[in-house]
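Please look over the sequence and the fold shown here. This short report walks through a few parts of it.

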Amino acid sequence: MSPTTLPEFTVAIDLVLRRDWNARAPRGAYTQLDSTKGVKVHYTGGRVNPGIVSDHDGCVSLVRSIQAHHMDGNGWIDLGYSFVACPHQKVFEGRGLHHLPAANGPGLNAGHYAVLGLVGNAGLVQPPDGVLHAILDAVQYVRDQGHAGREVKGHRDGYATDCPGDPLYAWVRRGAPRPGGTAPPRPGPVAPPFPGRLLKYPPVMRGEDVRTWQRQMRTRGWDLDVDGAYGPGSRDVCRRFQRQQGIEDDGIVGPVTWRLAWEAPARGQG
């Protein structure tokens, strides 16, 4: 079977970081994954409570239980998937970018990132549109940020398994189309993908990622030069913004501070 390919486009991702779903720390070091052919799509293989469609807390609990099964039952160092897609079009960070997954099968993990859709073989079987959108958001994210190739395949391609289930696999075989042709509207602004490096001073850091963050902070009303140089002025604004948002004021633009620069509600500067 020829690999499924998707058209090039950029999409914002609603990423649930490991700290946000209270992930357990891995029991060892990940193996580096520099690039892949693409993504393999998975399902849980068990019963998924249909109630998670209207209860995101249920999605969080399910992801945590899958991690526990993989670590305590399979003896893996962590959750086996790179990312997990839920019905609310949110993408949970699993092993994440540039880390070898464990779910694709022996000898196959280095070929593809592993993305789990939260559907099973009982209960919630038909993937809701939100799951399909989230899978495609994850696919585009690993292409943009993780050096992933164009392939989108099912887990059963090249491995003896029923995964990702007939409904999800049929969607993959159809070319993994985005429901409705476009992503559904999200409430409020969504941050662009985190650039992959921490912005901090000293020393002065320069780049388009710095300029992008500075431009957004200036849009929010902060007095900051948009010069692409992260120096003491940028660090000071970052610290004040972090205190305003109630997070650690370390003056470093990491994933949380980056996301809040776009998604946090506007308020008076502190």
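Predicted model: local features only at pLDDT ≥ 70, side-chain atom pairs only at ≥ 80, totals over all residues.

In general, the strands of a sheet pair through backbone hydrogen bonds, and the pairing can be parallel or antiparallel.

Strand 6 covers residues 112–117. How many of its residues are buried? The count is 6 of the 6, so strand 6 is largely enclosed by the rest of the structure.

Strand 6 pairs with strand 4 and with strand 2. His42 has Leu116 of strand 6 as its bridge partner.

## Strand 2 and strand 8

Now turn to strand 2. Of its 7 residues, 6 are buried, so strand 2 is largely enclosed by the rest of the structure. Strand 2 pairs with strand 8 (residues 148–154) in the parallel sense, over 5 bridges. Gly38 stands opposite Glu151 in strand 8.

## Helix 4 against helix 6

Helix 4 spans residues 208–219, and helix 6 spans residues 255–263. They pack at an angle of about 40 degrees. Their axes are 9 Å apart. Are the two helices parallel or oblique to each other? At that angle, they are oblique. Helix 4 passes helix 6 in a left-handed crossing.

Which residues make the contact? Helix 4 supplies Asp209, Thr212, Trp213, Gln216 and Met217. Helix 6 supplies Trp258, Ala261 and Trp262. By type, the residues of this contact divide into 5 nonpolar, 2 polar and 1 charged.

## Trp171 in helix 3

Trp171 lies in helix 3 (residues 166–173). Its relative accessible area is 2%. The cut-off for buried is under 20%, so Trp171 counts as buried.

What does Trp171 touch, leaving out residues up to four places away in sequence? The list is Leu132, Ile135, Leu136, Ala176 and Pro177. Pro127 is 44 residues from Trp171 along the chain, with 9.3 Å between their C-alpha atoms.

## Arg18 in a loop

Arg18 sits in the loop between strand 1 (15–16) and strand 2. Is Arg18 buried or exposed? Arg18 is buried, with a relative accessible area of 15%.

Set aside the neighbours of Arg18 within four places in sequence. Arg18 is then in contact with Ala23, Arg24, Ala25, Pro26, Tyr30, Gln67, Asp78, Glu93, Gly94 and Arg95.

Notes: Residues numbered from 1 in each chain as written. Heavy atoms only, no water. Axes fitted to C-alpha atoms, helices over the stretch in contact; angles between N-to-C directions. Helix = DSSP H or I, 4+ residues; strand = E, 2+ residues; numbered from the N terminus. Parallel < 35°, antiparallel > 145°, perpendicular 65-115°, else oblique. Left-handed = near helix turned anticlockwise from the far one by under 90°. Contact = heavy atoms within 4.5 Å. Nonpolar A, V, L, I, M, F, W, Y, C, P; charged D, E, K, R; others polar. Buried < 20%, exposed > 50% of the residue type's maximum accessible area, 1.4 Å probe, protein only. Pairing = 2+ DSSP bridges.
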